[in-house]
Amino acid sequence: MSTIETPSIHRKYPVSSTAKLILLVAVIFGLGVRSCLNRSDKKNILISDVMITDYTTISADVSFEVENKAGHGYEDVKIMIKVYTNDGEEVASRLTTVDLKSKSQRRFVKVLDKFDRPMTDDEVPYADVTLYKPGIFD
């Protein structure tokens, strides 16, 4: 009677070095394209006119203006808002998202109400609003 040999499940099949090289080149190319796209987003989106409209010892209303210079709209643009004391100590931060239409300019007001510590009466806060793009090469 003839025997049928089944392939072993536990046998390891090595990945060829050509496939590894192609995968490495694709990953490097993808990281480079992602970095270029992030740089172009930072050129097209401008944040200006940042001010704190109202503040208490435990909250602050931050007002800022975002301008999209690109010919296409952006969805879910991540913006980091940080509030500092006059000594330069960060007391609050918030990551928020906004939608921008093409070639538009909008004003936003965001409330930061979770301070790390309450501010004293003689401390005057100031805000910093930046475009948030996590990246490897940035």
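Glu123 and Arg117 form a salt bridge, with their closest N and O atoms 3.0 Å apart; a salt bridge is a side-chain nitrogen of Lys or Arg within 4 Å of a carboxyl oxygen of Asp or Glu. The model is predicted, so local features need pLDDT of at least 70 and side-chain atom pairs count only at pLDDT 80 or more, whereas totals for chains, interfaces and linings use all residues. Residues are numbered from 1 along each chain as its sequence is written, and side-chain values use heavy atoms, with hydrogens and water left out.

**Salt bridges**

- The structure holds 4 salt bridges, and the pair of Glu123 and Arg117 is one of them.
- Glu123 is buried, at a relative accessible area of 10%, while Arg117 is partly exposed, at 24%. Here buried means under 20% relative accessible area, exposed means over 50%, and partly exposed lies in between (1.4 Å probe, protein chains only).
- Arg107 forms a salt bridge with Asp49, in which the closest N and O atoms are 2.2 Å apart. This pair links distant parts of the chain, since Arg107 is in strand E5 and Asp49 in strand E1, 58 residues apart. Helices (H or I, at least four residues) and strands (E, at least two) are DSSP runs, numbered from the N terminus.
- Arg107 also meets Glu65 in a salt bridge, at 3.5 Å from N to O. Because Arg107 lies in strand E5 and Glu65 in strand E2, this pair ties together parts that are 42 residues apart in sequence.

**Nonpolar core**

- In soluble globular proteins, nonpolar side chains tend to be buried together.
- The largest nonpolar core has 23 residues, and those with the most contacts inside it are Val62, Phe64, Val77, Ile79, Val83 and Phe115. A nonpolar core is a set of buried Ala, Val, Leu, Ile, Met, Phe, Trp, Tyr and Cys residues joined through side-chain atoms within 4.5 Å.
- Strands E1 (45-55), E2 (60-68), E3, E4, E5 and E6 are the elements that each give two or more residues to this core. Strand E3 gives the most, with 5 residues.
- Leaving aside residues up to four places away in sequence, Val83 touches several residues, among them Ile52, Val62, Val91, Leu112, Phe115 and Tyr126. A contact means heavy atoms within 4.5 Å.

**Aromatic pairs**

- The structure holds 2 aromatic pairs. Rings of Phe, Tyr and Trp (its six-membered ring) pair if their centres lie within 6.5 Å; planes under 30 degrees apart count as stacked, over 60 as edge-to-face and the rest as tilted.
- Tyr84 and Tyr126 form a stacked pair, at 5.4 Å centre to centre and with 25° between the planes. Tyr84 lies in strand E3 (residues 74-84) and Tyr126 in strand E6 (residues 126-131), so the pair ties together parts that are 42 residues apart in sequence.
- Tyr84 is buried, with a relative accessible area of 16%, whereas Tyr126 is partly exposed at 40%.

**Surface patch**

- Leu21, Leu24, Val25 and Ile28 form a nonpolar patch on the surface, with about 400 Å² of accessible area together. Accessible areas come from the Shrake-Rupley method with a 1.4 Å probe; for residues, only the protein chains shown count as cover.
- Patches are made of residues with over 30% relative accessible area and no salt bridge: like charges are joined within 9 Å, and nonpolar side chains (Val, Leu, Ile, Met, Phe, Trp, Tyr) within 5 Å.
- Val25 belongs to helix H1 (residues 17-44) and is exposed, with a relative accessible area of 51%.

**Positive phi values**

- Asp76 has a phi near 55°, a positive value in a residue other than glycine. Asp76 is placed in strand E3 and is partly exposed, at 48% relative accessibility.
- Lys103 has a phi near 45°, again a positive value in a residue other than glycine. Lys103 is found in the loop between strand E4 (90-100) and strand E5 (104-112), and is exposed, with a relative accessible area of 64%.
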